[in-house]
Amino acid sequence: MADEERHYDVLVVGAGPAGLAAAARAAERGIRVGLIDNNPEVGGQIWRRASGHLQYLPVAREWIERVAQSPNIERIGGAYVAGLAGTRAVAVETAQGSQNIGFTRIILATGARELMLPFPGWTLRNVVGAGALQALSKEGLAVKGKRVVVAGSGPLLLAVATSLHYAGAEIVCVAEQAPWWRLAGFALRVASDKVKARQGRSIRRALRGVPYHAGAWPVEAYGGERVEGVTLRAGWRKWRESCDYLAYSSGLLPNVELATLFGCRTERGAVSVDRQQRSSIFYVYCAGEITGIGGLERSLVEGEIAGYAASGAQEQAQALAARRRSALDFSRALERTFALRGALRRLAAPETVICRCEGIKLREWSAAQAWRAQRAQAQCDKTGCEGRICCDAAQYLFGWRVNPARPALYPDPASTALIEA
Ligand SMILES: Cc1cc2nc3c(=O)[nH]c(=O)nc-3n(C[C@H](O)[C@H](O)[C@H](O)COP(=O)(O)OP(=O)(O)OC[C@H]3O[C@@H](n4cnc5c(N)ncnc54)[C@H](O)[C@@H]3O)c2cc1C
């Protein structure tokens, strides 16, 4: 910790709903809290660029204002936690350079990322992660008048379709791989929850007239320089839809890399935590989608519990147990409903590029014996996306064990160098 420059009682990594709730609750105890996020603004994925229209987002406003008004929280925006710097410090990269930041306890609220399963044509220009296209549109990409097919799996598809519709895009259709019968059970559950039912109604209003295909998925994207259309399949039926963008997401995967650097135990791709959100490392707490995919309510309640528990307010944390149980129950329903069908493993053809950064094709991987597979994976692990896209896909396609995370967790900007512990 020799060149450490700052120290917090509780350091929170990630300023999405979970991180905001964690920081706000910890700060209530009068301790010094640091809140780091790689984005300049707080809000995470769901509340990206929300600051201009908080009047329409009461829940976002509540948490963002609590954090902004707390004298005990120091915000560190535009800063990546790139690795560890000793036992109780992390190495942080900003545009200005690197520094180590120390803490007594740390709360990881690093969220999730999209899984994109490869299929022929998925590397064409304008085939984009669904959440990524939404983010680009919020950052200023003009989608007005563009025809967008939204495909893949999970509630994110509807959220993205709605957001792009309000940005002026023409949503050609939404294709969800989960079958009708599973979606119907899920819809009944959503209808019994007042808040979720209201969200469901506003999505239905926005997407009135947009075809929604259940049990349908893309099998090919076609075009020249960029995507011109997509072939969809539902059972034995195949048809084409032309589009300017294919917004594609096969689901979400927890961002566990930083937690695994600390040595936190993971199970089925998410960090294992106890009822107080404590991981297997006693000073590391985790909250939100890093512990499993579950939507906004789960992120908020887990963030609150982690904030209380990490600051020593165990009783307040305990008082939220029932809300947490109900959020976890909803997570299990999500997992059952949107479980990926086996057919998606067989979409990629031998010539389909699996690793966009290195141009590695499926046949080069699937023909590999164990050692070659590892080599291909290792090679892929060093690419521009740090293996985030192709290793996730390879893990799903081949059941490979993904290499453990190692610093730097993100590609280093040329201007900075990681500080050694
Ligand atoms: C791309 C995408 C788009 C989504 N869009 C929607 C939507 O429109 N509507 C909806 O209901 N749900 C959406 N979701 C789901 C939503 O994000 C979750 O339901 C939930 O709100 C997640 O909250 P969280 O606080 O756990 O994580 P997030 O909101 O993901 O916040 C995590 C934050 O941590 C930061 N971070 C991660 N690693 C580091 C690091 N090493 N250093 C610094 N900062 C780091 C991230 O940049 C991010 O800001 C989306 C998910 C994704 C992946």
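## The shell around the ligand

In this predicted model, the shell around the ligand is made up of 14 nonpolar, 13 polar and two charged residues. Of the 29 residues around the ligand, the ones that come nearest are Ala18, Asp37, Asn38, Gln134 and Glu289.

The side chain of Asp37 has an N or O atom 2.7 Å from an oxygen atom of the ligand. For Gln134, a polar side-chain atom lies 2.8 Å from a ligand oxygen atom. At Gln45 the backbone takes part instead: one of its polar atoms is 3.0 Å from an oxygen atom of the ligand.

How much of the ligand does the protein bury? On its own the ligand exposes 1,000 Å², and the protein buries 90% of that.

## Where the shell comes from

Several elements give two or more residues to the shell: α1 (17–27), β4 (80–84), α3 (130–138), α4 (156–166) and α8 (295–310). The largest share, three residues, comes from α8.

Why does the ligand lie between domain 1 and domain 2? Domain 1 (4–113 + 253–334) and domain 2 (118–249) both give residues to the shell, so the ligand lies between them.

## A look at helix α13

Now turn to helix α13, which spans residues 390–398. This helix is mostly covered, with seven of its nine residues buried. Those buried residues are Cys390, Cys391, Asp392, Ala393, Ala394, Tyr396 and Leu397. After α13 comes Gly399, which has a positive phi, near 70°.

How values were computed: Residues numbered from 1 in each chain as written. Predicted model: local features only at pLDDT ≥ 70, side-chain atom pairs only at ≥ 80, totals over all residues. Heavy atoms only, no water. Buried < 20%, exposed > 50% of the residue type's maximum accessible area, 1.4 Å probe, protein only. Helix = DSSP H or I, 4+ residues; strand = E, 2+ residues; numbered from the N terminus. Near = heavy atom within 4 Å. Polar contact = N/O pair within 3.5 Å; in protein donor to acceptor, adjacent residues only side chain to side chain. Areas by Shrake-Rupley, 256 points an atom, 1.4 Å probe, with all protein chains shown as cover. Nonpolar A, V, L, I, M, F, W, Y, C, P; charged D, E, K, R; others polar. Domains from an automatic or database assignment.
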